[in-house]
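Good morning, and thank you for coming.

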Amino acid sequence: STQSTGKIENPRKPMTSALEFKEKGNAALKAKDLEGALKHFTDGLAIEPTNAVLLSNRSATHASLGQYDKALEDGEAAIAAKPDWGKAYSRKGLALFMLGRGEDSLEAYKAGLAVDPDNAALKGGAESAEKLVKATELTVLGEEFMSKRKFQAACDYFKQATELAPHSRLFWSNLSEAHCKLSQFVNAISAAEKTMQVAPSWHRGPQRKAEALAASGRQEEALPFYARALALSPGNAGITKAFNQCQIEAQNQRRRAAYE
């Protein structure tokens, strides 16, 4: 038999601990490698499924990736794992805020302040959530005026909503549509570009820009934005119809230009 040297004979490395995965995830976050961070935190949670810090960190990573439903799930799990930890509530509050659920977000931040009254992030989050609640109320009023074809009043309400909650894609999209109805095409395009900026994968941004360009007689320029909107929302009947109409008008413009 082989003589024992006192060393472990097993050549395999010992299993990485949840703490090591947390540190790897944090290092990936610092290096702006969000997908890598997500993998490390998930690997850590496979070892310790109720580790509140890992859940909180993964929630923040999901939020950075725009995956707010998953960020919310992890935020709620972090609260369940450590109900007296303020940061867990801020994760839930942020996810709800980014999902446009102002009242629920405010509730989450207030619940956090009940366990951690001096937490600055929770206080700031609660203030933002209150603004979102107000902005949502203004948007409902704006939508009522749109349905009554009172576009200037609607535009005023939507503009106030974007000032209170500039992160919200819906408020910018509504503002673009109202400007377009008022033939304020420069403003309509600007609001559409803001929509695209805050929500790059949402079809509404390029759709609004295409609508404003087409309405101002710039059909040729509108076409690529209709195409982008359709790529983000395949089979969308409204966009398909507008795109086809715009193609016909652009073709007619080209023909007229050839005769002039």
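Between which two helices does K32 lie? K32 sits in the loop between helix 1 (18-30) and helix 2 (34-47); helices here are DSSP runs of H or I with at least four residues, strands are runs of E with at least two, and both are numbered from the N terminus.

A word on the source. This is a predicted model, in which local features need pLDDT of at least 70, side-chain atom pairs count only at pLDDT 80 or more, and totals for chains, interfaces and linings use all residues. Residues are numbered from 1 along each chain as its sequence is written, and side-chain values use heavy atoms, with hydrogens and water left out.

Let us turn to the whole chain. The chain holds 13 helices and zero strands. Its radius of gyration, taken over C-alpha atoms, is 25 Å, whereas a compact globule of 260 residues would have one near 18 Å; that rule is 2.2 Å times the number of residues to the power 0.38. Along the principal axes, the C-alpha atoms fill a box of roughly 100 × 50 × 25 Å. Of the 260 residues, 39% are buried, where buried means under 20% relative accessible area, exposed over 50%, and partly exposed in between, with a 1.4 Å probe and protein chains only.

Now to the backbone. Most residues other than glycine have a negative phi. K32, however, has a positive phi of about 65 degrees and is not a glycine. K32 is also exposed, with a relative accessible area of 70%. S183, likewise not a glycine, has a positive phi of about 60 degrees. S183 lies in the loop between helix 9 (169-181) and helix 10 (185-198).
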